[in-house]
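Here is a short report on aromatic rings and their partners. Look at the structure first, then read on.

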Amino acid sequence: MHATLPLLEVSDFPAIRRKPLETLQVNLGYKCNQTCVHCHVNAGPNRTEMMSRETISDVIAFLKASRVKTLDLTGGAPELSPHFRGLVLAARNLGVHVMDRCNLTILEQPGQDDLARFLANHAVEVVASLPCYLEENVDAQRGKGVFEASIRALKTLNALGYGHPGPGLALNLVYNPQGPTLPPAQEQLERDYHRYLGERFGVVFNRLYVLTNMPIQRFGSTLISKGRFAHYMALLKNAYQPENLESVMCRTLISVDWRGYVYDCDFNQMLGLPLRVKGRPRVHLRDLAGPDLEGNPILVKDHCYGCTAGQGSSCGGALAA
Ligand code: SF4
Ligand code: SF4
């Protein structure tokens, strides 16, 4: 795979600083039952990097000590961590809202038969990738049979109360473009998803989060292989909207890797760019007090233009929405 960081290092992206911390995003490990083309984690079934029990304890201690309101669990497939359920229970007991970034097909993996019910019983928000409502596009990006399995999983979640209008169990879907283009307007696409999935499959969900593909890892490497990297960067930069700077997710979120080290966001984690506090080259979660980070500079490079292009992009979808 081609390294993308050398192409992103020299950057004119504006300097930005942190606001009070709201969300702790934790990567429980790179193991996944899928190997999607656009995965910015390079996750897959053969990855062995998984968070240890000791580091899970550091996460729980941080939740207790900080005023973080939301725990955002990601991976790989976070549910493949042997500590996933214990961490969810600990966070919910502390009154922390928990989000599970779920690939949907995990619900059909061996040993996960009761996963959907576990998530529902503990009011875990499900954020699920479904990069298109058309089968051939999803299978091209995420693997053969993934669309059908995803629809079955969505129906299972709906039957447990997920995705219905109102304040119940939240089921939000995630879209990203198939190729090196900016995503379409989130609101219109959300309406299309609602209509198609509802009419065709009887599936309901709450929100659609539209994400821009970041020019890093597997997607960035593919761009380099095809000679499209510079073109894609120009597309992102030409669509730069300065008002998105106020709400890029790194303002209020920190991202923790499977070893417990802290980053300004998931993308910086994947690029190996740790959070810098008081000149330290990297910081472990156990050494960090959340509220102290307000005003801390954020480590930005050219990939940050992926967050500010057009309607903006974050783990919660468009910034302008
Ligand atoms: S399901 Fe998610 S984590 Fe797994 S390979 Fe696909 S994009 Fe990566
Ligand atoms: S890539 Fe990360 S650090 Fe850069 S703007 Fe986006 S969220 Fe912030």
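Phe13, Tyr240 and Tyr305 form one aromatic cluster. Rings of Phe, Tyr and Trp (its six-membered ring) pair if their centres lie within 6.5 Å; planes under 30 degrees apart count as stacked, over 60 as edge-to-face and the rest as tilted. By this rule there are 9 aromatic pairs. Two of them are shown here.

| Pair | Centre distance | Plane angle and type |
|---|---|---|
| Phe13 and Tyr305 | 5.0 Å | 85°, edge-to-face |
| Tyr196 and Phe201 | 6.3 Å | 65°, edge-to-face |

This is a predicted model: local features need pLDDT of at least 70, side-chain atom pairs count only at pLDDT 80 or more, and totals for chains, interfaces and linings use all residues. Residues are numbered from 1 along each chain as its sequence is written, chains are lettered from A and ligands numbered from 1 in the order written, and side-chain values use heavy atoms, without hydrogens and water.

Are Phe13 and Tyr305 buried or exposed? Both are buried. Tyr196 is partly exposed, with a relative accessible area of 28%. Buried means under 20% relative accessible area, exposed over 50%, and partly exposed in between (1.4 Å probe, protein chains only).

Charges meet rings too. The charged end of Arg85 sits over the ring of Phe118, 5.0 Å from its centre. Arg282 lies over the face of Tyr261, at 3.7 Å from the ring centre. Here, NZ of Lys or CZ of Arg must be within 6 Å of the ring centre and within 35 degrees of the ring normal.
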